[in-house]
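Open the model in your viewer and keep the selection panel at hand. Each stop below says what to select and what is there.

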Amino acid sequence: MSKTITQRVIFPGATAKAVYGVYMSSKKHAEATGAPAELSRAVGDKFTAHNKHIKGRNLAVQANKMVVQTWRAKGWDRAHGDSVLTLRFADTDEGCELEMVHACVPDEATADLKKGWNKMYWSPFKKYLKKNAS
């Protein structure tokens, strides 16, 4: 069986362009998370993150608005297919609102990923964006 994780995150004072830029830039992604990442903005291209612990492929990319990727963590049972990650970025009065839907997540990975998205991505991204605000 698999689960779906949904999260809504506000990045105070940040723009959708800035948050999208951190997620989709190999250099900024790595600086924000503290782990090597290789990303591309082209549909069909592969990516890795967290020192190749995460891998996948871009299914759809709309600059500063949306990213859809296959997504798989190292150690997941090979019998379980890739999950699908959808990120939507929007400017609001509060800052950038990010809506995440992470579908087809293995049951045994769901609890860790729910916490992990905040610990490994959203909190470090907020710190990075605050430090690098221009």
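Predicted model: local features only at pLDDT ≥ 70, side-chain atom pairs only at ≥ 80, totals over all residues.

How many disulfides does the structure hold? It holds zero disulfides. Select Cys96: Cys96 is buried, with a relative accessible area of 0%. Now select Cys104, which is partly exposed at a relative accessible area of 35%.

Stay on Cys104, which lies in strand E6. Check its backbone angles: phi of Cys104 is near 65°, a positive value in a residue other than glycine. Most residues other than glycine have a negative phi. A second case is Asn64, which is not a glycine either but has a positive phi of about 65°. To find Asn64, go to the loop between strand E3 (54-62) and E4. Asn64 is partly exposed, with a relative accessible area of 28%.

Next, the nonpolar core. Select Phe11, Trp71, Leu87, Phe89 and Trp122, the residues with the most contacts inside the largest nonpolar core, which has 35 residues. Which elements each supply at least two residues of this core? They are strand E1 (2-12), helix H1 (16-24), strand E2 (46-49), strand E4 (66-73), strand E5 (83-92), strand E6 (95-106) and helix H3 (107-131). H3 gives the most to this core, with eight residues.

Select H3 by itself. Its 25 residues, at 1.5 Å a residue, should span 36 Å, and its end C-alpha atoms are 36 Å apart, which agrees. Look along the helix to Gly116, where H3 bends by about 40°. Colour the buried residues of H3 next: Ala109, Thr110, Leu113, Gly116, Trp117, Tyr121, Trp122, Pro124, Phe125, Tyr128 and Leu129.

Ser123 is also found in helix H3.

Move to Trp122, which is buried with a relative accessible area of 1%. Show its surroundings. Leaving out residues up to four places away in sequence, Trp122 touches Gln7, Val9, Phe11, Leu87, Leu98, Met100 and Trp117.

The last stop is the aromatic rings. A search of the whole structure finds ten aromatic pairs. In one of them, the rings of Trp117 and Trp122 have their centres 5.3 Å apart and their planes at 15°, so the pair is stacked. Both Trp117 and Trp122 are buried. Being three residues apart in helix H3, Trp122 and Phe125 are separated by about one helical turn. Phe125 counts as buried, at 1% relative accessibility.

To finish, select Phe11, Tyr23, Trp71, Trp76, Trp117, Tyr121, Trp122 and Phe125 together; these residues form one aromatic cluster.

How values were computed. Residues numbered from 1 in each chain as written. Heavy atoms only, no water. Core = buried A, V, L, I, M, F, W, Y, C linked by side-chain atoms within 4.5 Å. Buried < 20%, exposed > 50% of the residue type's maximum accessible area, 1.4 Å probe, protein only. Helix = DSSP H or I, 4+ residues; strand = E, 2+ residues; numbered from the N terminus. Contact = heavy atoms within 4.5 Å. Disulfide = S-S within 2.5 Å. Expected span 1.5 Å × (residues − 1). Bend = angle between axes of the 7 residues up to and from the residue. Phe/Tyr/Trp six-rings, centres within 6.5 Å; stacked < 30°, edge-to-face > 60°.
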